Amino acid sequence: MNDFFPPPANTASARPAEAEPHVLIVGGGISGLSAAWEAATTGGARVTLLERDDRWGGKIVTDRLTFDDAGRTVTLLLDGGPESFITRKAAAWELAGELGLQDAVQKAGNETSNTYVLDNGEPKPVPLSPAKFINSTLISTRAKLRLIAEPLVRARRDMDDESLASFVSRRLGPETLDKFVGPILGGIYNTDPQHQSIMVSSPVMREMERDHGGLFVATVARGVAKARKRKALEAQGLSMPPAFMAFADGSQVMVDTLAARLHALPNVRLQLNADVQALARNENGYVLTLADGQTLAADVVILATPANVAARLINGIDGPSAQRLDAIRHVSIGTISLVYRTREFDAAHAFSGLMIPRREHRAIDAVTVTSARFPERIPQEYTVVRVFFGGSAPHIMALNDAELRAAVQGELRLLLGINAQSIAVAIQRWPNAYPQADVGQLARVDKIERGLPKGIYVTGASYRGIGVPDCVAQGRATAAEAMQAVLAVQTQTVTVEGLNPMHSMSNKEEAL
Ligand SMILES: Cc1cc2nc3c(=O)[nH]c(=O)nc-3n(C[C@H](O)[C@H](O)[C@H](O)COP(=O)(O)OP(=O)(O)OC[C@H]3O[C@@H](n4cnc5c(N)ncnc54)[C@H](O)[C@@H]3O)c2cc1C
């Protein structure tokens, strides 16, 4: 179905709509939608958002899985991508507020509570509470003592980049890195901590070190500050947002609401099934060609696709930028949610998650129990287990659905003793589309941004952070920057056109 909304005849602007600059955004994931929201609500430009798929949201996708269970039709809402977003980075929470969605937010359990790590084929509990820590067999006594000595480790006060592995090893010791912090962080980010940039994934940890001299002291200080803030808010009859926000009807709610609100704006055009194949310059700006041959002209283009797609599109007009974009690595990721009858579910551990380090050489990367995290969403008679794959064993991406289900069930049997048969599954695959922020990423992105042709912008998970709040913040910041430039040009062009029409184009190029 082609979702195409032509611009209405009357816009709020005093200028005719065709005379307004045209901002074209490619990619209708949360980054592109947020960019469109920012650009459209700024006003003064026509905004078009193009998405290749037949739905909005990119990696934010909620499956409505319907299946038959002994003659009864059951429908479950299952997130294939993100299930929850952190609110410490406020952009997603604030956007939910703008969209009137904060009341639809429900608290999500912390991803790391009651989590196990696979260690030599055996799941071991992650020792996050003091009692678990003392009794843990996951790390040696020596490693425990090294971890406790963290406040004594000399603090780095700079904010230069390093790998997650280097940071954790430096502050908490190599065994703690190897045995549980590395697997947890690697599992959360689907990445190898030895390469992952701390300044992209967890700059807060470096801020804690810089500002408080270490993680333990900083945790206490932040806890005290948070308690004070909570008290102050409560005195005003307000409350703190939950640490992790989720939507009762799945993450897709945010995307659908955003698309609907954009749809209602007079200066916005949304187009699904719009696979952008080429980007070229013309005398006024840029022309995009879609797979169906349709062409669209734009003054400004914001590429909110993974960087490898942006590289392909830019290649025709700027080879060096394309090369720099292509240097950002992407890996594959997929999820399979398996539905079991709770009465048949026979896992050996009462777990809410299992992280699987790469060194274990398994076919899957992590397991979470959706029904434990979101008990309000899943009726008690069902247990839903979500398995992440594609990171440590990329070949599994090529399996068909039946083969994948069999391979994953085999792993669950072996690692967690789950012999029960799943009665339904929902599968999502994103081959070569999950960005990896290697050490030095922010410097690389600065260079990419400085080198882009005027009027071309890139934004999204491939650049300054992969989480949904990062993507909302980046999409909005990029659109704000683009709008500032395009509106400045518009003002100058109008002024100069009044004097000499020949000046307008060169003036525009100069300012953009
Ligand atoms: C399994 C999984 C779990 C996650 N869990 C969490 C979590 O718990 N919390 C969290 O905060 N984040 C999580 N993330 C990360 C987060 O969901 C993503 O980083 C974020 O949604 C990416 O948004 P984006 O808009 O930048 O990119 P995408 O969602 O990839 O959107 C890019 C869009 O561009 C479109 N596109 C590509 N090429 C073209 C083209 N040529 N023409 C037109 N359109 C094109 C694509 O179809 C896509 O819709 C998770 C991600 C995954 C995959």
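Which polar backbone atom is 2.8 Å from an oxygen atom of the ligand? The legends below begin with the division of the chain and then reach the ligand.

**View 1. The three domains of the predicted model.** This model is predicted, so local features need pLDDT of at least 70, side-chain atom pairs count only at pLDDT 80 or more, and totals for chains, interfaces and linings use all residues. Residues are numbered from 1 along each chain as its sequence is written, and side-chain values use heavy atoms, with hydrogens and water left out. Domain 1 covers 18–58 + 251–329 + 438–511, domain 2 covers 62–85 + 332–433, and domain 3 covers 139–235; these bounds come from an automatic or database domain assignment.

**View 2. The interface of domain 1 and domain 2.** Taken over C-alpha atoms, the centres of domain 1 and domain 2 are 35 Å apart. Eight residues from domain 1 and eight residues from domain 2 make the contact (heavy atoms within 4.5 Å). About 620 Å² is buried between domain 1 and domain 2, with 53% given by carbon and sulfur atoms; buried area is the accessible area (1.4 Å probe) that two parts lose on being put together, summed over both. In domain 1, Ser251, Gln252 and Val468 lose the most area to domain 2, together 59% of what that side buries.

**View 3. Polar contacts between domain 1 and domain 2.** Five residue pairs, both residues at pLDDT 80 or more, are in polar contact between domain 1 and domain 2. A polar contact is a pair of N or O atoms within 3.5 Å; within protein, one must be able to donate a hydrogen and the other to accept it, and residues adjacent in sequence count only if both atoms are side-chain atoms.

View 4. The opening question concerns Val468: a polar backbone atom of Val468 lies 2.8 Å from an oxygen atom of the ligand. A nitrogen atom of the ligand is 2.9 Å from a polar backbone atom of Ser84, and a nitrogen atom of the ligand is 3.0 Å from a polar backbone atom of Val276.
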